[in-house]
Amino acid sequence: MQRRVSQEIELLLTAAAEDGSCLVAPCRRLRDALERRVATGEVVSPAPHLYVTREIWDGLSVSEGPQRPLEIVAPSRVIAYPRNVVIRRYGDDAPSITTEGVRVTTPERTVLDCARWLPFREGLAVADSSLRLGLVDSERLNEYVRSAGRGLHGVERARLVARLADPRPENGMESIARATIYELGFALPDLQVPLHDPMDSRRVLRVDFMWVLPDGTVIIGELDGGEKYRNPAMNGGTPLVAMRGERRRESRLTIDRPKIVRFSPDEVEDIAYFNRLLETFGVPREREPVIEIPDEVPFSELVPVEAYGLP
């Protein structure tokens, strides 16, 4: 019996991991077994009744891991919820749609609420994703936020998010990096800019961020995530193959002598470092920073292995 339960848990955890999600314990029997694994440290439970293996949890990047309690929309009547659940309530006139039998807020309302509840960087990531997925369009989103958001707490931040929202970032971390660039007062870059490979004009090399200065200087910004090195489906078989391909790509990007500034998600989160990095590479500042820039820790010559995308 115990062996069968263990095998069932392994299958469920694997299936959840392949879907990029946590396992929701389907019954009390499996939940109790999973809680025993949580007690031994083999499994992590980031929220009640949600489970993920320790290996996957420890491998999550800053942008992948949950940073705050779970937020849900609840009825106006009193219901008991776990302590780490934030409850949001609407009146019956809140705009809604039904998706797979569940009543949820409309995409525009969801983006509005995320933009006013979440920190600016993460709110922009939600808005960018909604545009990229075609759930809303920019004009309609801006109009909805201006009209429906009137008088709501956090609406000014939501209006800024709507104005800056862009469908071009390929992932949430690119959106967070762009939001941080804005908060630091730097000029916003062009996004996902196509450049032709000088060795093959039919091949397009896309860069994450690009600034073109008045004197013609080009600065390319590249966000270095680790997945393209770790994921066998993306690294050509080994991290070494992926690294060689990345070096070849960069050598071709530099044929016209642009400046190339690379940064990781962790470096974006390090405000003092990211600020100095952009300054050092000559990214122009257009406005005063809207966030505090902390003092830097002493500079180290050592380059962390994560900068090369390796664990």
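The structure is a predicted model, with an average pLDDT of 82 and 74% of the residues scoring at least 70.

**Confidence by element**

- Among the elements of the protein, the highest mean pLDDT, 97, belongs to helix H7 (residues 155-164).
- The lowest mean pLDDT, 52, is that of helix H9 (residues 227-230).

**Helix H5 with helix H8**

- H5 passes H8 in a right-handed crossing.
- On the H5 side, the contact is made by Phe120, Arg121, Glu122, Leu124, Ala125 and Asp128.
- On the H8 side, the contributors are Gly172, Ser175, Ile176, Arg178, Ala179, Thr180, Tyr182 and Glu183.
- Six residues of the contact of H5 with H8 are nonpolar, three are polar and five are charged.

- Asp128 and Arg178 form a salt bridge in which the closest N and O atoms are 2.5 Å apart.
- Because Asp128 belongs to helix H5 and Arg178 to helix H8, this pair ties together parts that are 50 residues apart in sequence.
- In the whole structure, a search finds 19 salt bridges.

**Helix H5 with helix H7**

- The axes of H5 and H7 come within 9 Å and cross at roughly 45°.
- That angle makes H5 oblique to H7, and the crossing is right-handed.
- From H5, the residues Phe120, Gly123, Leu124, Ala127 and Asp128 meet Arg157, Leu160, Val161 and Leu164 of H7.
- The contact of H5 with H7 comprises six nonpolar residues, one polar residue and two charged residues.

**Helix H4 with helix H5**

- Helix H4 (residues 107-117) has an axis that comes within 8 Å of the H5 axis, and the two cross at roughly 160°.
- H4 and H5 are therefore roughly antiparallel to each other.
- The crossing in which H4 passes H5 is left-handed.
- Val111, Cys114 and Ala115 of H4 make this contact with Gly123, Val126, Ala127 and Ser130 of H5.
- By class, the contact of H4 with H5 holds five nonpolar and two polar residues, and no charged residues.

Note on methods
Residues are numbered from 1 along each chain as its sequence is written. This is a predicted model: local features need pLDDT of at least 70, side-chain atom pairs count only at pLDDT 80 or more; totals for chains, interfaces and linings use all residues. Side-chain values use heavy atoms; hydrogens and water are left out. pLDDT is the predictor's confidence in each residue, from 0 to 100. Helices (H or I, at least four residues) and strands (E, at least two) are DSSP runs, numbered from the N terminus. A crossing is left-handed if the near helix is turned anticlockwise from the far one by less than a right angle, and right-handed if clockwise. Contact means heavy atoms within 4.5 Å. Ala, Val, Leu, Ile, Met, Phe, Trp, Tyr, Cys and Pro count as nonpolar, Asp, Glu, Lys and Arg as charged, and the others, Gly among them, as polar. Axes are lines fitted to C-alpha atoms, for helices over the stretch in contact, and angles run from 0 to 180 degrees between N-to-C directions. Angles under 35 degrees count as roughly parallel, over 145 as roughly antiparallel, 65 to 115 as roughly perpendicular and the rest as oblique. A salt bridge is a side-chain nitrogen of Lys or Arg within 4 Å of a carboxyl oxygen of Asp or Glu.
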